[in-house]
Amino acid sequence: MSRSRPVVAIVDDDPRLLESLEDLLESAGYWARSFASAGSLLASGLSGVDLLITDIGMPGMDGFELRDLVKKARPELPVFLITGRHEIADQDRAQGTSRFFFRKPFDAKVLLAAVGDALGDREMEDEHES
């Protein structure tokens, strides 16, 4: 049984950004699941998630730590990092993630194109595995 729409999980401690991203993704045809913290995402599980978008600067577990945990559990899962703190872009932990790294405010069309590219790559891999 295959789902008709990919599921994108969003983790951010800013409720306005969560709502905005959820609206954007759903208007583009994705299912969006919003979480106010890394812990709430992890408690609900990663099953069924096709892509993760997470803020970097959050209380408790930050986006880098969440990405690292997710990559251990689901190495194939695309993880997009977003931040309003531009100095983070220069940190070692952000290096090599430019394709999946977005600074706030980000261009909605660019983000949706990147989501489509990441999920398109994954759907093609899934078809080859079938």
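Modeller: Three aromatic pairs are found in the structure. In one of them, the ring centres of F102 and F106 are 6.4 Å apart and the planes stand at 70°, so this pair is edge-to-face. By definition, rings of Phe, Tyr and Trp (for Trp, the six-membered ring) pair if their centres lie within 6.5 Å; planes under 30 degrees apart are stacked, over 60 edge-to-face, and the rest tilted. This is a predicted model, in which local features need pLDDT of at least 70 and side-chain atom pairs count only at pLDDT 80 or more, while totals for chains, interfaces and linings use all residues. Residues are numbered from 1 along each chain as its sequence is written, and side-chain values use heavy atoms, with hydrogens and water left out.

F102 and F106 belong to one aromatic cluster, together with F80 and F100. F102 has a relative accessibility of 8%, so F102 counts as buried (buried is under 20% relative accessible area, exposed over 50%, partly exposed in between, with a 1.4 Å probe and protein chains only).

Helices (H or I, at least four residues) and strands (E, at least two) are DSSP runs, numbered from the N terminus.

F106 comes back at L21. Apart from neighbours within four places in sequence, L21 is in contact (heavy atoms within 4.5 Å) with I10, I53, I82, F106 and L111.

Another ring faces a charge: the charged end of R5 sits over the ring of W31, 3.8 Å from the ring centre. The test is that NZ of Lys or CZ of Arg is within 6 Å of the ring centre and within 35 degrees of the ring normal.

Charges also pair with each other. The whole structure holds five salt bridges, each a side-chain nitrogen of Lys or Arg within 4 Å of a carboxyl oxygen of Asp or Glu. One of them joins D55 to K104, with the closest N and O atoms 3.4 Å apart. D55 is in strand β3 and K104 in the loop between β5 (101-103) and α4, so the pair ties together parts 49 residues apart in sequence. D55 is buried, at 5% relative accessible area. Another salt bridge links R67 and D68, whose closest N and O atoms are 3.2 Å apart. Salt bridges with shared partners connect D12, D55 and K104 in one network. R67 is buried at 12%, whereas D68 is partly exposed at 37%.

As for the whole chain, the protein has four helices and five strands, in the order β-α-β-α-β-α-β-β-α along the sequence. Of its 130 residues, 42% are buried. Among contacts with a separation of 6 or more, 62% are between residues 24 or more positions apart.
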